[in-house]
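Here is a short briefing on a structure made of protein chains. Look through the sequence and the 3D view, then work down the points.

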Amino acid sequence: VGPVRALQRFSAWLHAPLPESRAAVFAVAVYAFLLLDVLYLHPISSYRGALDGAWYQPLLVGRILPLPVPTETVVAVSMWGSVSGALAAVALLLLHPPGRWARVAFPVLGWVTAALWFEFQVVAFSYGKVDHDRFGYLLALCVVPALGLVRLRSGRLSENAGWVLRTVQLGVIATYFYAAFAKLRFGGPEWVNSATVARAVIRRGTELAEPLLQMPWTLVATQWSIVAFELAAPLVLLVSERWRRRAVAGWYSFHAVTYAMITIAFWPHLLCLLAFLPLERLVRLRFAQVEPPPRTGPALRPRPYRSPETASGQISPAPAPVPSVPAGR
Amino acid sequence: VVVVAVLLTLGTWVGEDDHFPFGPFRMYATATTPTGAVSVLAIEVRMPGGPWRPADLEPHSVGISRAELEGQFRRVVAEPERLGMLADAHARLHPDERRWEAVRLLRVGRRLVDGRPTGSEQRTVLAQWAR
């Protein structure tokens, strides 16, 4: 009974309702980021077609699934397929076309996009190096389609939104916590006193970081703090919303400093950190710019370029019923 | 969610990079000894009649990155013709540039004493290929 109850409580926490519009904004961010990632930040796979297949060392998943040896065609299909899928998903979320087809199309597109992006990553990581900043984002791509085609300005709370956002949060926390774990597993407890950060600075340090090489204790202190905050990551689920957001701000600052010192940024992971933030304010803010924000006034009017039937009364306290979407959990 | 969590936990405990996306998050997870050498791999190339000169070891240049080549460098030492594949990839990615006639792989080592670089640099040729 104990484990069952724990599982029930976990499930209740996972599904506690959150604003649908927060999840919708997050979904737009996820798909917009895919374009940035594939075309600009991590286009590594796009060069693989030129390299002889002898360099390809398929990962386990590439051996279980009959994934093809990367050729120019394989690369192009996974690249442009995921980009088009993400573009279409963003268009659906922003335009919210009426009709059943759109509600069916959104999750289908989402999962096809996730699969193609995954293949693009397999192509990236089958040549000798695997990055670990992409787990949370892959998880996000897999769960966001289950949200269904929700409205950006939906005033509702929903269990689906809660599930999607909390799952991504768990992915973020797991990334930190297990990263500390991996350091202890591969580096041993002496990792904290080792010269790993010094090595990183020698290999790719900026002018900002170079002076620190002459003060090795700063780099060792950095290593202690990294392990400490990574191990402490799960605690953010236990603290108040206010402290949770402070912790997220702290994480963003850590990554900003890392970027300044060794020009490494875990971009997909940074995107996933958004799942902790009250993103719904972004869409309300844009409303507020159209009209002064009435405290208890009538429903805000839609922005001028939106057609009336897609954006009426979404922000009012009692929103018009939104057609329910089959939940894929 | 529970299944994913179990797989990820397993991957972190006993998995390897091979088990992506459930492998361990091991970037920067190895410990570097404070006194020893930090080495990086580099390539140098030669055009017909020219001297050796450094070339980018980056995916946009040769289809593979420095870190990846470091993961496979033993295979390169055993099969230097793999350097020729880099030359071919470079020709495909940059058809307008001059073709490489020869490629060699070097290890560039910098010594570290008590976590501080000493300033000495050692360059060793690990493998070489010519058309």
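How many bridges join strand 3 of chain B to strand 4 of chain B? The count is 11 bridges, and the two strands run antiparallel. Keep in mind that this is a predicted model.

**The hairpin in chain B**
- Strand 3 of chain B covers residues 102-113, and strand 4 of chain B covers residues 116-130.
- Two residues sit between these strands in the hairpin.
- B:Asp114 in this hairpin takes a positive phi near 55°.
- Opposite B:Val113 stands B:Arg116, which belongs to strand 4 of chain B.

**Chain B as a whole**
- Chain B holds five helices and four strands.
- Read from the N terminus, its elements follow the order α-β-β-α-α-α-α-β-β.
- Chain B has 131 residues, and 42% of them are buried.
- Take the contacts in chain B between residues at least 6 apart in sequence: 56% of these join residues at least 24 apart.

**A serine in a loop**
- B:Ser65 lies in a loop of chain B, between helix 2 (59-62) and helix 3 (66-71).
- Is B:Ser65 buried or exposed? B:Ser65 counts as buried because its relative accessibility is 12%, and the cut-off for buried is under 20%.
- Beyond its neighbours within four places in sequence, B:Ser65 is in contact with B:Leu57, B:Glu58 and B:Pro59.

**Where chain A meets chain B**
- On chain A, 63 residues are in contact with 57 residues of chain B.
- The two chains bury about 5300 Å² between them. Carbon and sulfur atoms account for 67% of that area.
- Three residues of chain A stand out: A:Trp55, A:Tyr178 and A:Arg203. They supply 15% of the area that chain A buries against chain B, more than any other three residues.

- Which side chains form a salt bridge? Those of A:Arg48 and B:Glu68 do, at 2.5 Å from N to O.
- Eight residue pairs are in polar contact between chain A and chain B, both residues being at pLDDT 80 or more.

**The side of chain A that touches chain B**
- Several helices of chain A each supply at least two residues to this side, including helix 1 (2-15), helix 5 (100-125) and helix 8 (196-204).
- Helix 7 of chain A gives the largest share, 13 residues.
- By class, this side has 40 nonpolar, 12 polar and 11 charged residues.

Technical notes. Residues are numbered from 1 along each chain as its sequence is written. Chains are lettered from A and ligands numbered from 1 in the order in which they are written. This is a predicted model: local features need pLDDT of at least 70, side-chain atom pairs count only at pLDDT 80 or more; totals for chains, interfaces and linings use all residues. Side-chain values use heavy atoms; hydrogens and water are left out. Contact means heavy atoms within 4.5 Å. Buried area is the accessible area (1.4 Å probe) that two parts lose on being put together, summed over both. A salt bridge is a side-chain nitrogen of Lys or Arg within 4 Å of a carboxyl oxygen of Asp or Glu. A polar contact is a pair of N or O atoms within 3.5 Å; within protein, one must be able to donate a hydrogen and the other to accept it, and residues adjacent in sequence count only if both atoms are side-chain atoms. Ala, Val, Leu, Ile, Met, Phe, Trp, Tyr, Cys and Pro count as nonpolar, Asp, Glu, Lys and Arg as charged, and the others, Gly among them, as polar. Buried means under 20% relative accessible area, exposed over 50%, partly exposed in between (1.4 Å probe, protein chains only). Two strands pair if DSSP finds at least two bridges between them.
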